[in-house]
Amino acid sequence: MKLYLTILLLAYSFLSIAQERDTTVLSGKDSIRESVLGEVIVTASRIPEKLLLSPVTVEKVSRSFFLTNSSPSFFDALDQVKGVQTITPSMGFKIINTRGFANTTNVRFAQLVDGMDIQSPHIGSPIGNVLGPGDLDIERVEIIPGVASAMYGMNSINGLANFYSRDPFLSEGLSIRQHTALTHLNNTSSAPRIFSETQLRWVKKLNEQWAVKFNLGYMHGYDWVADNYNDLSPQANASTGLTGDNNPALNPVNSYGNEATNRRTLNLGGRAYQVARTGYREIDVTDYTLQNIKGDAGIFYKTKKGHRFSYNFRYAFLNNIYQRANRFRLEDYALYQHGINYQSPSIQAKLYYNGENTGDSYNLRSMAENMDRAGLSDNEWFALYNQGYTTALQSGQSVEAAHQQARQLADRDRLQPGTAGFNETISRLQQINNWDSGAALKVRAGFIHGEVQFNLTEQWLKKWKEKAGLELLAGLDHRTYLVQPDGNYFINPEAGKAGRTIRYGRTGAFVSVYKQLLQDKLRLGVAVRADKNDYFNVKWNPRVTAVYSINSNQSLRLSFTSSYRFPIVFEAYSNVNSGGVKRVGGLPVMSNGIFENAWLQTSIASYQAAILRDVNQGGLSRQDAIEKNKGLLQKNPYTYLEPEQVRSVEIGYRGVFLSGRLYVDGGAYFNRYNSFIAQANMNIPRTKNPDSLAFYLADNRLQEQYRMWTNSSTTIDNIGFHAGGSFRLVKDYVINANTSFQQLLKTSNEDGLEDGFNTPEWMVNAGIANKDIHQGIGAGINLRWQSRYYWESFLVNGDVPSITTLDANISYQFTKMPLQLKLGGNNLFNRYYYSILGGPSIGGYYYLTVTWGLPKK
């Protein structure tokens, strides 16, 4: 497969992807040239400019491409854009990312709809596309795969995607889309299932000045199942020879309540064993029903002089799975946005509010832990285990059999999945907002965002633009997060403000200048942004760019950017007790005294493992083993949070050749990260007596365990390149191909703390499509491959195997009515794969889509 992909890549070297242009074939031999060179984008510089003159890499994906793509939806089709990585924690919660450091809460990549951020306030990132436009209302997507903070702030240091909805003044009428799919074929964890999504769009142009728009979508199905039962602690009892299914500390990936914090060291028969509680599989403690409702409504007004006003309301009510350090069931979760927008030739202003209510959502790990405890407390369970083991050993049972008999005795009052008592307990724990005794996720949060942008040379300083070739843009924005303390997930730490709303704000301003030189062949740009975040000093984010037009068909680009990322609400203010480990925000107001008195958990784990080896294999007493190995303990070196910084250099090239039949685009980049925001585990012993420290750190029950947000001391380099293209053959067949490469380099002070890079080195797409092969019949096929990569998270670490999927579709456009049928499949060969570790296994997806009322182009 690798050889095949390499040959394919070479065959289409420097072919750019069709997503960067409207795939509608224009008449005449220069159709691609006219389409690409005339394409206007906004996202790169926040002003309209031709794609060929963009100072940074921008991927433009047009609506016509979405209509012919083999993916089920426009959002799914984004993983065919070069450099874009898609990860799937849930069928209803897909995440897009570029240039590495991907995770299931992607706080380094921003997602906008018509320029408005659609993130969930407390999560700090969008929930897939639940608040974004549907397939009937999407016009185009512009993606900046790289640092965008100088122009946007908003922690967009990995990149930014801006989804543009269709103009109601240009697209009135009624459209309906029914999408039905068959999933879970040959799945050992589920029978075959039906997925259904219905979308409706209605637009009415009242007159030349007023228009209204309404969208509604409903999806229902059965989520992909997380059924990875590989043991995360296979060596926990290796010193006693108990491994595999005989491991008393068995900790399957998608089984919860049996993690390291749910086990104890038991001295049984003169040996020390690590023993975990039994736990429950994910499928036992969650509902995989996927049911999401989304909609938006807007009213639009425009004047004869080009001024436009609009109000939009977006709403989503969802039920699906979400993954962070743990897995969650999002149930009756509401997310919404009110937005007001004003636009003129010189001014753009936005004011919007995002709000969320997590409803009846809950933590799957906490649910499993407290389901176990609903039968017996931890002390009772381990006492019974001890009793059962001793009885079995005295009766002549083997060590393995004695452990099995001990577990059977300890689990005698364990609630069984599917029983009435089990289901009643889940419903009760789902409402207890304390993860020591329940599992509820009860968060109400929001943020208000306002911004204004002035194109100073468009109207007021127009002579500067005409005489000096200058373009001057300036902007100002402010955002304040508002979080209601719930006593479990968030608390207000400010003195005298317990229970009051947490306020966390940031103000930013930018100015950018562009200058045309060398008879307009060279376009130089400088942008500077200043951001002031609560608790931190002002940070400056400069960007310097240059675009050189070789001729009317080719351009070179070069840019340098230095940007900062401030901690999101969760990184700053979290106060979560999860499985005996307290996750605390890294602000001094949240974590005063913890960093100064803590010891590294990694050193404690090594210390405790060494004690076990010396007791079980070296014949030492526990006291002697503690004394021998206490030198392994390391004091915590980390401290309070600071902003994360990245500096990036990028070069690129675009061109159109062969009378407009070939479009090419490629580039390379180098990123350097400092003060990387990540988490570190550290424990504080429950004693201040220095002579007792080693004894307390040998027993998890005698220490407070923390997972702290802090900064890595490692200087991290990230390099990569991307290349792709589109080639138009005879009879309007279009070949698309692209590849991207990204690699993590660590250069100094490596402390192992940086967030997981979590990105394959190689990603390749190749396909061919024709929207009108014969009398309205169209078809397309696409092959996607990504290399094996290492996934690192607090839930699970390990290798994600390489992924190869083949997608295809055939469509029919009726000529006498606005009706289109589309039959297709993703992962046609139904080879189940993991997008991420800890997440679900993903199989084939076979669908039929019927669309009424959508224009052909």
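F676 sits in the buried class at 0% relative accessible area, where buried means under 20%, exposed over 50% and partly exposed in between, using a 1.4 Å probe and protein chains only. All of this comes from a predicted model, in which local features need pLDDT of at least 70, side-chain atom pairs count only at pLDDT 80 or more, and totals for chains, interfaces and linings use all residues. Residues are numbered from 1 along each chain as its sequence is written, and side-chain values use heavy atoms, with hydrogens and water left out.

Y673 is buried too, with a relative accessibility of 0%. On to the aromatic pairs. Rings of Phe, Tyr and Trp (for Trp, the six-membered ring) pair if their centres lie within 6.5 Å; planes under 30 degrees apart count as stacked, over 60 as edge-to-face, and the rest as tilted. That rule gives 40 aromatic pairs, and here are two of them:

| Pair | Centre distance | Plane angle | Class |
|---|---|---|---|
| Y352 and F447 | 6.3 Å | 75° | edge-to-face |
| Y673 and F676 | 5.5 Å | 65° | edge-to-face |

What does the pair of Y352 and F447 tie together? Y352 belongs to strand β20 (residues 347-357) and F447 to strand β22 (residues 444-455), so the pair links parts that are 95 residues apart in sequence. Y352 is buried at 2% relative accessible area, and F447 is buried at 0%. There's also an aromatic cluster made up of F93, Y322, F328, W435, Y489, F490, F570 and W709.

Now the whole chain. The protein has 17 helices and 45 strands; these are DSSP runs numbered from the N terminus, with helices being H or I of at least four residues and strands E of at least two. For 857 residues, a compact globule would have a radius of gyration near 29 Å, and the protein's 28 Å agrees with that. The radius is taken over C-alpha atoms, and the globule rule is 2.2 Å times the number of residues to the power 0.38. Along the principal axes, the C-alpha trace spans about 90 × 55 × 50 Å.

Of the 857 residues, 59% are buried. Counting a contact as heavy atoms within 4.5 Å, residues 24 or more positions apart supply 68% of the contacts with a separation of 6 or more. The accessible surface is about 32,800 Å², and 55% of that belongs to carbon and sulfur atoms; such areas come from the Shrake-Rupley method with a 1.4 Å probe.
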